[in-house]
Amino acid sequence: MGVLPVPAEVRAILLDIEGTTTPIAFVQETLFPYIKDNVKEYLRAHWEEEECQRDVGLLRKQAQEDSSLDGAVPIPLESGSGEEELERIIQAIVDNVHWQMSLDRKTTALKQLQGHMWRAAYATGHVKGEIFEDVVPAIRKWREAGMKVYIYSSGSVEAQKLLFGYSTEGDILELFDGHFDTKIGPKVESESYRRIAASIGCATNNILFLTDVPREANAAEEADTHVAVVIRPGNAGLTDDEKSYYSLISSFTELFLPSST
């Protein structure tokens, strides 16, 4: 794909995670299966903790909102303290989590529980965040050239910080100037990129957004944000029209900063 010059007005680089800094396979084959395989054990171990009960409360509220959806799994209220009832409720939560994940839902309730489970997994060394090998050296160069670097992902800010704090490259959180998740808005809506620009104190055309998803790239472009689409192993293929329309890179090293001349 060659070299992609970064427009002179760009002051900040905004990075997607899945398929951009991190292999999609890590998310699909490590992070998500960890939740499915360990949610019951996690709930049993942490049930009495306040944080876990808050997570359960959010999941129960979400289940009520979802009650009219096909295949929705209700989560009953506790009526006593019997061991058998507790197991029944935990199983209902497990079934609900599995159902939500099978639909690739991104509810706050699900994301919060996943974030807390991943925190425990990272802290105990059961999971390490995978980073493409070109990412860290490139970001260090960008920062040396005066660029600010931010993350924007559908995963929660907490989950982002865990991935980069416990990564295969060590703790690399110092490389980022800030993190955004869908609390600032969906990644496929242009207004989200205007909010990010306002939050970091620049114009939208001072930002270069790197993503593997054309719909996100399109939304960012509508907000007058510069965009490059990242081609990585395992990413969804692009149409011929998308390939000819978007600036494409297969490695962060292909970005050429004017200040590096």
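## Domain arrangement

The centres of domain 1 and domain 2, taken over C-alpha atoms, are separated by 30 Å. Domain 1 comprises 4-22 + 129-256 and domain 2 comprises 28-124, with bounds that come from an automatic or database domain assignment. This is a predicted model, in which local features need pLDDT of at least 70 and side-chain atom pairs count only at pLDDT 80 or more, while totals for chains, interfaces and linings use all residues. Residues are numbered from 1 along each chain as its sequence is written, and side-chain values use heavy atoms, with hydrogens and water left out.

## The interface between the domains

About 810 Å² is buried between domain 1 and domain 2, 60% of it from carbon and sulfur atoms; buried area is the accessible area (1.4 Å probe) that two parts lose on being put together, summed over both. On the domain 1 side, Glu158, Leu162 and Tyr166 lose the most area to domain 2, together 49% of what that side buries.

The rule finds 1 salt bridge across this interface, the term denoting a side-chain nitrogen of Lys or Arg within 4 Å of a carboxyl oxygen of Asp or Glu. The side chains of Arg119 and Glu158 meet in a salt bridge, with an N to O distance of 3.3 Å.

## Annotated positions

In an unreviewed UniProt entry, the annotation "binding site" covers Ser153, Ser154 and Lys187, although such annotations may be inferred rather than shown by experiment. These residues span 35 residues in sequence, yet no two of their C-alpha atoms are more than 7.8 Å apart, so they gather at one spot.
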